[in-house]
Amino acid sequence: MSSVFSTYIELGFHHIFDFKAYDHMLFLLALCAIYTLNDWRKVIALVTSFTIGHSITLALATFNIIRFNTALIEFLIPVTILITCITNFFKLKGAASKQGAILSVHNLMALLFGLIHGMGFSNFLRAMLGRSGSIWQQLLAFNIGIELGQLLIVAILLVIGAIVMNIFKAKKRDWIMVLSSAAAGVALVLMMETNIF
């Protein structure tokens with residue numbers, strides 16, 4: 001593995017853990033709130049759907065194929081979190097276990113919302129990209145790093161959920177409600193703080 005490739009994997013991995021950009025972590029929390037450790041295959045497919053979505057617009061924005069209003073994207077990212085949380089409230093009775101691992105409405109939603117988040121990632125990446133002919137390699141490595149970071153975040157979330165539900169005997173319904181309500185509340189604050197108003 002080249003040093004440039006590994007450097008951009010690290011950049012992607014660390015960017016997803018950047019607390020200045022915690023809105024992406026918040027989206028992952030909302031997205032995976034309805035799942036348990038037993039659903040790990042579905043969660044991997046879900047996170048990968050999100051990665052595919054943001055990889056598409058990240059590449060398009062990096063190569064200036066698409067342009068967008070930064071303030072609008074900063075508003076739309078918390079909107080995706082809020083919508084995800086609202087859909088979670090309709091999935092309190094085990095809807096996650098009935099979904100297919102690959103083909104599901106939740107995966108499609110992750111893919112579509114990933115398109116919006118990719119535009120949010122692009123500002124950071126464009127500032128970091130080198131001017132060499134290896135931009136595609138850097139872009140691929142950055143996305144791999146983000147994917148690895150996302151998988152670690154959801155793994156931690158699923159383990160915490162397992163502890164809360166199995167050791168502290170919390171109901172899955174309550175766990176979903178708490179996570180989704182907290183994420184929705186923060187999303188509303190983020191929406192109000194954007195420059196779009």
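Predicted model: local features only at pLDDT ≥ 70, side-chain atom pairs only at ≥ 80, totals over all residues.
**View 1. Ile163 is partly exposed, with a relative accessible area of 36%.** Residues are numbered from 1 along each chain as its sequence is written, and side-chain values use heavy atoms, with hydrogens and water left out. Ile163 belongs to helix H7 (residues 135-166); helices here are DSSP runs (H or I, at least four residues), strands are E runs of at least two, and both are numbered from the N terminus.

**View 2. Cys32 and its contacts.** Leaving aside residues up to four places away in sequence, Cys32 touches Val43, Leu46, Val154 and Leu157; contact means heavy atoms within 4.5 Å.

**View 3. The largest nonpolar core has 50 residues.** Cys32, Val43, Ile81 and Leu125 touch the most other members. H7 gives the most to this core, 10 residues. A nonpolar core is a set of buried Ala, Val, Leu, Ile, Met, Phe, Trp, Tyr and Cys residues joined through side-chain atoms within 4.5 Å.

**View 4. Two spans that UniProt, in an unreviewed entry, lists as "transmembrane region": 44-66 and 140-168 are among them.** Such annotations may be inferred rather than shown by experiment, and positions follow the numbering used here, with feature names shortened. Residues 44-66 are 83% helix and 0% strand, with end C-alpha atoms 28 Å apart. For residues 140-168, the end C-alpha atoms lie 41 Å apart, with 93% helix and 0% strand.

Key. Buried < 20%, exposed > 50% of the residue type's maximum accessible area, 1.4 Å probe, protein only.
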